[in-house]
There are 2 protein chains.
Amino acid sequence: MADRFQITYQVKAGSITRASEIAENIRVEQTVEMPVDALPAQGVPSLGEIVSVTPSDQSDSWIVSISYPAAVTGDDLTQSLNTLFGNISLYPGIRIVDADDSFFSGRYKGPSFGLSGLRKLLNRDEDLPLSCTALKPVGLAPDELADLARQFARGGIHIIKDDHGIANQGSAPFRERVAACSKAIREGEQFTGNKTLYFPNITTSPSEVKNRYAEAVDLGADGVLICPQLTGLESLSELAALKQVPVMAHPAFSGGYIIHETHGFLPEFYYGKLWRALGADAVIYPNAGGRFTLSTETCQAINRQMADHFCGFKKSAPTPAGGIDVDSIPGLLESYGRDICYLIGGSLYQDPGGIEHATNKFTRLLEGADG
Amino acid sequence: MADRFQITYQVKAGSITRASEIAENIRVEQTVEMPVDALPAQGVPSLGEIVSVTPSDQSDSWIVSISYPAAVTGDDLTQSLNTLFGNISLYPGIRIVDADDSFFSGRYKGPSFGLSGLRKLLNRDEDLPLSCTALKPVGLAPDELADLARQFARGGIHIIKDDHGIANQGSAPFRERVAACSKAIREGEQFTGNKTLYFPNITTSPSEVKNRYAEAVDLGADGVLICPQLTGLESLSELAALKQVPVMAHPAFSGGYIIHETHGFLPEFYYGKLWRALGADAVIYPNAGGRFTLSTETCQAINRQMADHFCGFKKSAPTPAGGIDVDSIPGLLESYGRDICYLIGGSLYQDPGGIEHATNKFTRLLEGADG
């Protein structure tokens, strides 16, 4: 690991003087967290150092870069998250916009499978997009969910994930559901001759997540879905390190970190860089134009961030979701390209021709991208 | 568990019609997450039901109550958090203001020790406030931190917690630090004859938190400190359930959920009710008047929430922190009262008379509250 790393912030302030005061607060708050004049006489090597304070392209807003000694986090990944945004999350007007490679290298490992690993599991050409859907609604029994899964597989879908709200409810206990859906998908695949991957939702209490991952694999799952902001962000890394099956990350409970223009994280940093570094093979994010609020430009930036060279990490599969239907696929292919896992949920259920038919239209459109 | 529970939201909208549309989105998004017209013909018992939409006392703002079937969460606590704020965290203009007792009862257990348990461990009268400080800065060696801890104990402090940024860094590895500080505090206590409790920070990767709790207890710690928004919120409950030592919760990384007036959680619900229900024996929150942004009224509401009758849960110890010094204690005692654990960090280090002297002034002021 490098001796130091650098974090870049966007800071709301009426003047460069005020912005510099905030920078001073940040470098103290995120390290020694005490008045500098009260530090031990022998000194401690832990304080951050302000590198620069420059105007941003937004009004009353400044870009602040601060360099930190690597010793402040040691090799503890969760402590690096704390250094990134722990106490300053309680200040208004501070947004993390970037961290340099030295922040990630050595502490973070990136995806174990990544977009190319997913394509390999699917025997899919390196230049073709992936399709994904969600099993729902919560309340159905295992055999009902399995029946839906079979129809999606017959339609040629690449990845079926559980809805993130399907956990271990009485209506479809985890073990029964995963066994039934895995079996149904194996049956459905035979109809097309193509592979369909099943990613059950394993989000549960932080200490149980690894056990549920192991259960899922035992029961025939091809990957897992997790909501890292509910289980603790490092749980994503812990699962990725197991390397048995790919891990898809879901943005539930993460909105507070990314939807405020002057607070939290720049969305492309948070989903595109941080979650990729944490090891998400695919990252579901709230797509533009649907019921969420990110702009098309931000979504494109998230996609780029997951594809860029970054500490030697594998690329993650950007998985836009929310308000996408089959008709929007051609436009999205033009806007986002092919290194994408397109997720259509609800609207596949609405097609009067049925799920298999709707899924087939969806997957054929993605093949058309090859033409 | 009751068959249904109710969640109350504050929703930003220009009209009651628009507020009702948002309510409709919430009841669907947080349950079946698909178009209602695409739900299975046999129906599913999972949809939320809008109970009421009424004007709030803020402009363009409405209070929405929605009732959910308990079956949507089952007995999975993390899934109940997902139902509370999972996908709607990605919508602007929605803030959780309350949830009824049926949401918590059966799923949440509350503190195992609570404020009265802390007082009991300290042999302290039921009507006296507690004092707390933070060991810092990161970068000191175990014997240097232990020396500080000894001085605080000699000054009569009730609880010494690690700074939340002290993890397992090379400068003070966890095991060495906890052993050294525990020993020093036992020595310091003998000077006053009063008990001082040591709460090392055990925040680390979600799957390791329980192990670190066990290590801390083995090494002589009297409690633990954890940042639940870094380890996954349910980890707080998992630790509380171990019942060996009290758990103090720290707000690092939680700011995004509580500092926005129109998004996230009402702070008194989040810290005062949710974290208490999760099992925090003491909850550190960002105090008014210091470097954070909550108002005095909000802090008082947080304090009240931790003391109110609530599902039979023990009371938590409200632990305001940030910008408190010895001189502010008399005013705070008037404003917050005695059912409080007052946390002074940095300013005790600044006293020219030294830590023991400053701590003694602090603790004597709290005794004065008895007069």
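Glu21(B) forms a salt bridge with Arg18(B), their closest N and O atoms lying 2.8 Å apart, where a salt bridge is a side-chain nitrogen of Lys or Arg within 4 Å of a carboxyl oxygen of Asp or Glu. Both Glu21(B) and Arg18(B) belong to helix H1 (residues 16-29) of chain B, 3 residues apart, about one turn of the helix; helices (H or I, at least four residues) and strands (E, at least two) are DSSP runs, numbered from the N terminus. This is a predicted model, in which local features need pLDDT of at least 70 and side-chain atom pairs count only at pLDDT 80 or more, while totals for chains, interfaces and linings use all residues, and side-chain values use heavy atoms, with hydrogens and water left out. Residues are numbered from 1 along each chain as its sequence is written, and chains are lettered from A and ligands numbered from 1 in the order in which they are written.

**Salt bridges**

- Over all chains, the structure holds 40 salt bridges.
- Glu21(B) is partly exposed, with a relative accessible area of 41%, and Arg18(B) is likewise partly exposed at 39%; buried means under 20% relative accessible area, exposed over 50%, and partly exposed in between (1.4 Å probe, protein chains only).
- Salt bridges that share partners join Asp147(A), Arg150(A), Lys183(A) and Glu187(A) into one network.
- Within helix H5 of chain A, Arg150(A) and Asp147(A) stand 3 residues apart, about one turn of the helix, and form a salt bridge whose closest N and O atoms are 3.3 Å apart.
- Arg150(A) is partly exposed at 26% relative accessibility, and Asp147(A) is partly exposed at 35%.
- Arg119(A) pairs with Glu126(A) in a salt bridge with the closest N and O atoms 3.4 Å apart; Arg119(A) is buried, with a relative accessible area of 2%, whereas Glu126(A) is partly exposed at 46%.

**Helix packing in chain B**

- The axes of helix H11 (residues 267-278) and helix H12 (residues 296-307) of chain B come within 8 Å and cross at roughly 25°, the axes being lines fitted to C-alpha atoms, for helices over the stretch in contact, with angles that run from 0 to 180 degrees between N-to-C directions.
- The contact involves residues of H11(B), including Pro267(B), Tyr271(B) and Arg276(B), and residues of H12(B), including Thr298(B), Ile302(B) and Met306(B); contact means heavy atoms within 4.5 Å.
- Ala184(B) lies in helix H6 (residues 174-192) of chain B and is buried, with a relative accessible area of 1%.
- Leaving aside residues up to four places away in sequence, Ala184(B) touches Ala146(B) and Arg150(B).
- Ala184(B) and Gln151(B) are 33 residues apart in sequence and 8.8 Å apart in space, C-alpha to C-alpha.

**Backbone geometry**

- A cis peptide bond with omega of about 0° joins Lys136(A) and Pro137(A), and Pro137(A) sits in the loop between strand S5 (130-135) and helix H5 (142-154) of chain A.
- In chain B, a cis peptide bond with omega of about 0° joins Lys136(B) and Pro137(B), with Pro137(B) in the loop between strand S5 (130-135) and helix H5 (142-154).
- Phe253(A) has a positive phi of about 70° although it is not a glycine; Phe253(A) is found in the loop between strand S9 (247-249) and helix H10 (255-258) of chain A and is buried, with a relative accessible area of 0%.
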